[in-house]
Structures are given as structure tokens and as C-alpha cells.
Amino acid sequence: MNEEVVGKVEFNNGLDHTPSYNDDMYEAKEEFVSVEDWKSDTISKIAGALCKAQGELRGVQKNSSNPFFKSKYADLYALIEASFPVLSKYGLSVIQGTRWCNLTNGFYITTTLLHESGEWFKSELRMPVGGKKDAQAVGGAVTYGRRYGLAAMCGLAQQDDDGNTASGKTSLT
């Protein structure tokens, strides 16, 4: 793993930490902290494979309804169904996982795009956990985060306006 050493920040708890591109992924190294990588040391093979895959990927159909916002969207299954066959054709795969950070009280969805060569890209999305903060709320945040993480990593277009509707915007302009 490549390390980029940056300055340090002291939090209220007295611990010295340095914010990374992900807000709170820290790896202590003496008095400085290293920023976790978002890609492998080399990316030429994964970049070529992703370029070919994206040339074949198409937009994802809206296949689910959100009755609360009276909108339609492409669910996680539709994104997987649209992307995985094309990705695997070019030696690409996706791993998605979660993590909780006690330091920031944050819940994260991590999406890693892997190539058969061992090269990789990684992205992380901080997700709010709403409602009662029970298993159903966490499950909803995981599904939502995986859907957007996968779409972003693959460059998939989804015609999902539920974010606009939730924020009060009624047009997609």
C-alpha cells in the first residue's frame, strides 16, 4: 500500500489523527498518519478493462417504485444484472462491504473494483442511518449505498430521482 503522509489534527478526545480522503480512515505511523489508498500501485490493466466494459454497459432500467415519493428507480438487483456479466467478461469483479467508525460515528459502504491482474480501485460512501437505527434502517442504508457505489464505480447511469424528490426538487435540471 502506498502511503501519503499529511499533517495531523487533534480531536477533542486528545488523540492525534489526520483526515484522509474518506474522512476518517486512519493508520497511525509515529506522530503522523498515512492516507489510505484509493487505487493499486499500477492501474494500466484495470483501466483498459474498465474502458472496454464501459463501452458495452448501458443505462439501467427503472424497475422499482418508491410509493412515498411516487417515483421509480433502478434497484440494486437491476444494477448487478446490468453490470456483472460485462465486468466479468473483461476480468473485473466488485466487492462491497461496510464499516463503522467510532471516531466519527459514521457508517460507510466500501466498493472495490478488482481486476484479475490484482489491480483495483476503491471508493467509500458515508451513509446516514435513519429512523430507529435498527436492523431495517441499517439494511436500507447498506442497499442504498451499494446501489450508488456500484453505479458510480462502473459509470452506470440510473434514472433515479428519489434524491431530488427528497430534497424538494421536482425537475431533473
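**Helix α2**

I started with the length of α2, residues 76-89, in this predicted model. At 1.5 Å a residue its 14 residues should span 20 Å, and the end C-alpha atoms are 20 Å apart, so the two agree. For the expected span I took 1.5 Å times one less than the number of residues. Helices (H or I, at least four residues) and strands (E, at least two) are DSSP runs, numbered from the N terminus.

Ground rules I noted: residues count from 1 along each chain as its sequence is written. Local features need pLDDT of at least 70 and side-chain atom pairs count only at pLDDT 80 or more, while totals for chains, interfaces and linings use all residues, and side-chain values use heavy atoms, with hydrogens and water left out.

Next I looked for a kink. α2 bends by about 30° at serine 83, and proline 85 follows within four residues. That bend is the angle between axes fitted to the seven residues ending there and the seven starting there.

Then the two ends. Aspartate 75 caps the N-terminal end, with a side-chain oxygen 3.2 Å from the backbone nitrogen of tyrosine 77. Just after the helix, glycine 91 has a positive phi of about 75°.

Which residues of α2 are buried? I found Leu76, Ala78, Leu79, Ser83, Val86 and Leu87, with buried meaning under 20% relative accessible area (1.4 Å probe, protein chains only). A reminder to myself: an α-helix has 3.6 residues a turn, so residues three or four places apart point the same way. The cover over these buried residues includes α1 (44-56), β8 (92-101), β9 (106-115) and α3 (135-154).

**The sheet around β9**

I moved on to β9, which is mostly covered: nine of its 10 residues are buried. β8 and β9 pair in the antiparallel sense over 10 bridges; strands pair if DSSP finds at least two bridges between them. Isoleucine 95 has threonine 112 in β9 as its bridge partner. Threonine 112 also stands opposite lysine 122 in β10. Another pair I checked was tyrosine 108, opposite arginine 126 in β10. β9 and β10 (residues 120-127) run antiparallel, joined by eight bridges.

Both turns got a look. The β8 and β9 hairpin has four residues between the strands, and asparagine 105 takes a positive phi near 55°. The β9 and β10 hairpin also has four residues between its strands, and there glycine 118 has a positive phi of about 100°.

Contact means heavy atoms within 4.5 Å; axes are lines fitted to C-alpha atoms, for helices over the stretch in contact, and angles run from 0 to 180 degrees between N-to-C directions.

**Whole protein**

Buried residues make up 37% of the 173 residues.

Terms used
Buried means under 20% relative accessible area, exposed over 50%, partly exposed in between (1.4 Å probe, protein chains only). A polar contact is a pair of N or O atoms within 3.5 Å; within protein, one must be able to donate a hydrogen and the other to accept it, and residues adjacent in sequence count only if both atoms are side-chain atoms.
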